[in-house]
Amino acid sequence: MPPYAFFCRCIGCDDSKFKADNSCDKNFTQAKIKTRVPEVEKNIQQYLDDLEAADIRSPRQSTPHKIRLTERIAMFQAQIKTLETLETELQADPDKQLSQTDPDARSMQHRVGGIVGYNV
């Protein structure tokens, strides 16, 4: 038997992370949705407060400012509905991640921060 037969065999693996076409804004996790919903609700409350202040200043006039505030409130309410829909879709996914642009991409930690990509 050769003298080197007693050494252990070691197998090494290396992986690389590649950035996907999917942006971080189109990748959702449960934690991201749980933090985003209160932020949107806070924005809605701020716009409601601004709208109320505009009503106090000029109660009989319909200004473009009031119209713009109302449109922003509607936009944020639509965002909350979208986030709720995404949360139900997220529950069905085994990885608990949802990537809208590229379904195979996943959110990963990288040495410069988090990226959405592939671990190859």
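A pocket, as the word is used here, is an open set of grid points where a 1.4 Å probe fits, with protein on both sides within 12 Å along at least five of seven lines. Keep in mind that this is a predicted model. Its largest pocket has a volume of about 220 Å³.

So who lines that pocket? The lining is made up of D25, K26, F28, K32, R36, Q79, T82, L83, L86 and Q100. By type, that's three nonpolar, three polar and four charged residues.

Now for the core. The largest nonpolar core has 14 residues, and the ones touching the most other members are I33, V40, I44, L83 and L86. Two or more residues come from each of α1 and α2 (64–92), with α2 providing the largest share, seven residues.

Let's zoom in on I33. You'll find I33 in helix α1, which covers residues 30–57. Is I33 buried or exposed? With a relative accessible area of 1%, I33 counts as buried, because the cut-off for that is under 20%. I33 and L90 sit 57 residues apart in sequence, yet their C-alpha atoms are 9.8 Å apart in space.

| Residue | Contacts |
|---|---|
| I33 | F28, L83, L86, E87 and L90 |
| L83 | F28, I33, R36, V37 and V40 |

Notes
Residues are numbered from 1 along each chain as its sequence is written. This is a predicted model: local features need pLDDT of at least 70, side-chain atom pairs count only at pLDDT 80 or more; totals for chains, interfaces and linings use all residues. Side-chain values use heavy atoms; hydrogens and water are left out. Helices (H or I, at least four residues) and strands (E, at least two) are DSSP runs, numbered from the N terminus. Buried means under 20% relative accessible area, exposed over 50%, partly exposed in between (1.4 Å probe, protein chains only). Contact means heavy atoms within 4.5 Å. A nonpolar core is a set of buried Ala, Val, Leu, Ile, Met, Phe, Trp, Tyr and Cys residues joined through side-chain atoms within 4.5 Å. On a 1 Å grid over the protein atoms alone, a cavity is a set of points where a 1.4 Å probe fits but cannot get out, and a pocket is an open set with protein on both sides within 12 Å along at least five of seven lines; lining residues have an atom within 4 Å of a point. Grid points are joined across faces, edges and corners, and a volume is the space filled by probe spheres set on the points. Ala, Val, Leu, Ile, Met, Phe, Trp, Tyr, Cys and Pro count as nonpolar, Asp, Glu, Lys and Arg as charged, and the others, Gly among them, as polar. Lists of a residue's contacts leave out its neighbours within four places in sequence.
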